[in-house]
Amino acid sequence: MATRVYGIDLGTTYSCISYCDESGRPVVVPNAEGELTTPSVVFFENPSNVVVGVQAKNASKVEPERVAAFVKRSMGDGSYRFNVDGREHTPEEISSLVLRKVVGDAAQALGEPITDVVITCPAYFGNNEREATRNAGKLAGLNVRHILNEPTAAAICYGLINAGVEKTVLVYDLGGGTFDITVIAIKEKSIEVVCTGGNFRLGGKDWDDRIIDYFAQAFVERHPDIGDPRDDPYAFQELVTAAEACKKGLSTKDRWPQMVVHGGVRERVELTREKFEEITADLLEQTVELTRNVLEQAKERGYSRIDQVLLVGGSSKMPAVAKRLGEVFGIESQLFEPDLAVAKGAALMGVRLVAGELLREAIAADRGGQAADVDLEQVDRKTLEDVARKVAADGGRVLRLPGKELADYASTRVRNVSSKAFGVAIVDDRDNDKVAHLIGANTPLPAEHLETGFGTRVANQVTVRLRVMEQAGEVASSVFEDNRLIGDGELTGLPQPLPAGAPIHVKFRLREDGTLEVMGFEPNSKREVTFQIKVDGILSDEEVAERRSDLMQIQVS
Ligand code: ADP
Ligand code: MG
């Protein structure tokens, strides 16, 4: 029985949840405060209660040491810990609390439990960041059906994925704390991230900071004797809130008056849109430069024409963005629900998953066999539509799409490609560390590679060390330093005795969501040897289960 799948944009600064109604249209569910997006900010009020969202953002004025924000930047980073009440929290744990708020509010609003989700992440996220995102979902008690690239989600939301239409799209995503720029190629049966760039420390917050400085300096100029409001924590936090409101206001208005209150003095300060654009021009230019880089890379890979530019991320609502992109690149850009497009695209991805599941179930019921073994790409169009019509007529299901649409959703699969190369570290003849890639960048997912060229070094070796590596730079390179060690582990339980140079097979499987699975075999006994990998900074399944029961003791509101 198919279940409804929800789409969640787990953002650096704001998160959002959406589902598709029975006619397949994505709908964003407001939170308990009535807002469509929720600040990804967590306030640890006390050991058994956390508050997420706008109230947590407000709490940072009073108890900043109890408030965690921007944790997405630390996803997959084993060294990040947020310490509060004598407890340490990992980025995925804090993210799980954000998920619980967003999911809990939506379940409350809709009056139905939410179990299955698609969560989005930036295209540049590697294995560890994706595993951490998946773990955040598991820690929140969710069944994470898919981890979807944010630019891909945006493209799905914009309705760009139609069978047979080939397009190259530039997705410019300027969020609250990050800037991501991605070229994606939409092909008949796949959607490929051609290249991606950006700066994960550049976003709306930097624009806010310029406004804070502007207001503070204006105040100091007029009241040099009173001092700088930025030095007073209370006045400063007021400025933080005011700056964001001012910035948003200037997206539609020409001027914004602001009261700056400090040391018992109230001073009226005004910022015009023109002045705002002048004091933030260098920030915008940084995004332009990064866009230029990515366009050049795309060109090198054979994508020299961009058919469409999509603006996503709340900060792309600043009018200067579209204007400047038009001036520099001569391309029109489209701004369409920049705050919601990613969550909606994730919900639409959820519909595709459900549609596929319903059709596979129906076909398996007709033919016999397991639904999981039905490959929809091998089913002819007519059969698919016939089955889809039957499924559509069967009321009471989560989807009531017309048969043709159901068939379309199920058959035009969104097939992602690996955005990085994966391999193992090997020692060459001169005893230098090198990397042999087993799965290249841009390989359609899921991908598998069985490597048969490895062997034991000495006789009767009982374990083999395996260092799993991920491409770190823009292009794949066998130089050790151009890669990142994502897992260091041992193949254990090799059958004995074994001669030196006995072959050991290693299988890499890159799942559809870009996460990696590694297996080892001793081919003569065909025995699967266990591979115990300690992935740096990622909770193991046991740790997730353990931490989850702990976290579930905490109330989230
Ligand atoms: P993320 O995905 O990084 O969490 P979002 O895409 O939700 O972020 O964008 C949040 C940022 O967008 C914040 O800095 C917010 O102040 C900014 N923002 C939202 N609405 C507007 C607006 N109307 N004009 C300018 N900036 C805006
Ligand atoms: Mg975002």
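I will begin with the helices and then turn to a sheet.

This is a predicted model, in which local features need pLDDT of at least 70 and side-chain atom pairs count only at pLDDT 80 or more, while totals for chains, interfaces and linings use all residues. Residues are numbered from 1 along each chain as its sequence is written, chains are lettered from A and ligands numbered from 1 in the order in which they are written, and side-chain values use heavy atoms, with hydrogens and water left out.

Helix α10, residues 341–367, packs against helix α12, residues 403–411, at about 105°, and their axes are 8 Å apart (axes are lines fitted to C-alpha atoms, for helices over the stretch in contact, with angles from 0 to 180 degrees between N-to-C directions; helices are DSSP runs of H or I with at least four residues, and strands are E runs of at least two, numbered from the N terminus). That makes α10 roughly perpendicular to α12, a term for angles of 65 to 115 degrees, with under 35 counting as roughly parallel, over 145 as roughly antiparallel and the rest as oblique.

Turning to the sheet, five strands form an open arrangement of mixed pairing, in the order β14-β13-β12-β17-β18, where two strands pair if DSSP finds at least two bridges between them. Because β14 (191–199) and β18 (333–335) stand at the edges with a single partner strand each, one side of each is left without a neighbour in the sheet. Strand β13, residues 179–186, pairs with β14 in the antiparallel sense over eight bridges, and valine 183 stands opposite cysteine 195 in β14.
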